[in-house]
Amino acid sequence: MSSARPKLSTALWLMVICGCLIGMLAFGFRSSFGLFVDPVSSPDAEGSFGFGREAFAIAMAIQNLAWGVGQPIAGALADRYGPWRVLAGGGVIFAAGLFLSTMSSDPVSYSITAGLLVGIGMSGAGHNTVLAAFGQLMPPERRAWAMGLGTATASLGQFLVVPVGQAFIEAYGWMAAMMIMGVGMASTPLLALALRPRKEKKTSGNVAAAAAAVSHSVTSTAASLREAIRQAFGHTSFWLLTAGFFVCGFQLAFVTVHLPPYLSDLGISARTASWALAMVGLFNVIGGYMAGVLSERFSRRLLLSWIYFLRAVVTAGFLLLPISPVTTLLFGALMGLLWLSTVPPTVQLVGVMFGSKYLSTLFGFVFLSHQIGGFVGVLLGGYLFARTGSYDVVWWMSVVLAVAAAIVHLPIRERLFSPKVAVPVAG
Amino acid sequence: MAHRHPHLAALGFLVALVFAAVSLWVAVQSAREEPLPSLVWAPQVPPEAVFALGLPVRDQLADGWWWIEASPVQRTLLRSAGARIVVAMPTPVARMAGCSGDVMVNPAAPAPRI
């Protein structure tokens, strides 16, 4: 990123900023749902629907599942019709889900609105679509940087939007807070306009303009989407990458859901647990950005291997060292650095292996494994705790999986899938 | 500037987002009518004067720092009494920041909300 590096045009800057804002809003709003558990579902809370935590949890499970399953579909639509249309449509669906959830007073309709609609909206307007759009629209020299910034702002959304959401709930009640969030998401189509592909004039010293955003090595190893999917699933490296991302989902979901009760069992205060999760969010911003920048300079597979290996080391250290508020906060900070840092190199590896034309779709499949990993992590944590009375088995399982993920990234072939020259695709 | 230093531009963008969110948060908090845990710094106000205001004092910390539950009107009262910093916070954030919330320092004051 030296000054010798090509400059970005104003249009591309605007694209990065608007894409980052979309990712931040979607990820932040989606992360805020935990605040609504009691206000929406508690039978005792004033103005709540009173259908209980279980019904709320089912809606959230549906939301996560819809997000995961919807991601490759949204990716395919983005590859076919352009990411900006999918971002705009996803934002509208997300906003509709938020608005309609305020009128969904029974569990089934709440699962459809806050669960299904928000999940589908998240797959269309979430940071994954934004990062894939950057992978297709940014000049190659700036992709890693843009993805790092996109990941950092999504993380920042989690860190900033949640307390603001809490303030809205306390100030205006949960329904008004949900509607305010809906208004925020409804701005997505406007922001998405900045991500329309455009041709730019070639001016001296302006590389972004040079190649015209559309043709920035929009390559593919396949002639069609179907062929691209067939190629990916027939390629060992794609499976290895997908397996690694499963571990990422497993660890993130397990830590997010089960860390507070684990700490509580060990006598660590709820306040320290909250701070530990806040540290995760804060350091995630730094880690996400750094991962983007580093993945431009170093091998992505080795970077991913190191990230998973360090996760194993950090988790093992946390388990072996005497537990205290200091080690808890340190764990939060270090895990935060390694949290979403897997995303930029993973997206880029997909692009490196299969080109950028079907990047959204193929990364969508990789992300689906992430969501399945998250589902398994949460479920296994609860199940084994119920059986053994302890989280230790799942914690150590997480360490072993992280080491396994570090190993499976090593044989990934970090080059274009087809040994032949990639097919440049115009428009 | 932004073209030549993308890292600085990215940092500036992130800081601007933080600033916007914090501003929004402060604006929302300021608009609330009901009392909220408020972090107060009143180094030159004697403790007796703070207690005399009759507000629920949650914590009396060192160097003039207090946690006091106060409404917007009461926060204005605190400022006019000489407090230099009066910042209201949502209860969960206040707890994370160290407000104990359970035991009143001045039992004669109205009952706490949290």
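In this predicted model, 22 residues of chain B are in contact with 25 residues of chain A. Two residues are in contact if their C-beta atoms, placed from the backbone, lie within 7 Å. Two elements of chain B, helix 1 (6-31) and helix 4 (91-96), each give two or more residues to the side that touches chain A. Helix 1 of chain B gives the most, with 13 residues. By class, this side of chain B has 16 nonpolar, three polar and three charged residues. Here Ala, Val, Leu, Ile, Met, Phe, Trp, Tyr, Cys and Pro count as nonpolar, Asp, Glu, Lys and Arg as charged, and the others, Gly among them, as polar.

Residues are numbered from 1 along each chain as its sequence is written, while chains are lettered from A and ligands numbered from 1 in the order in which they are written. Local features need pLDDT of at least 70, side-chain atom pairs count only at pLDDT 80 or more, and totals for chains, interfaces and linings use all residues.

Next, the fold of chain B. Chain B holds four helices and four strands. Their order from the N terminus is α-β-α-β-β-α-β-α. Helices (H or I, at least four residues) and strands (E, at least two) are DSSP runs, numbered from the N terminus. Of the 114 residues in chain B, 32% are buried. Buried means that 20 or more other C-beta atoms, placed from the backbone, lie within 10 Å of the residue's own. Among contacts in chain B with a separation of 6 or more, 68% join residues 24 or more positions apart.

The four strands of chain B form an open sheet in the order 2-3-1-4, with antiparallel pairing. Strand 2 (57-60) and strand 4 are the edge strands; each pairs on one side only. From one strand to the next, the twist averages 20°. The axes behind such angles are lines fitted to C-alpha atoms, and angles run from 0 to 180 degrees between N-to-C directions. Two strands pair if DSSP finds at least two bridges between them.

Strand 1 of chain B has these pairings:

| Strand | Partner strand | Bridges |
|---|---|---|
| Strand 1 (residues 36-41) of chain B | Strand 3 (residues 65-70) of chain B, antiparallel | Six bridges |
| Strand 1 of chain B | Strand 4 (residues 85-88) of chain B, antiparallel | Four bridges |

In strand 4 of chain B, L39(B) stands opposite V87(B). V40(B) stands opposite W66(B) in strand 3 of chain B. In a regular strand the side chains alternate between the two faces of the sheet.

Methods
Buried ≥ 20, exposed ≤ 12 C-beta atoms within 10 Å, placed from the backbone.
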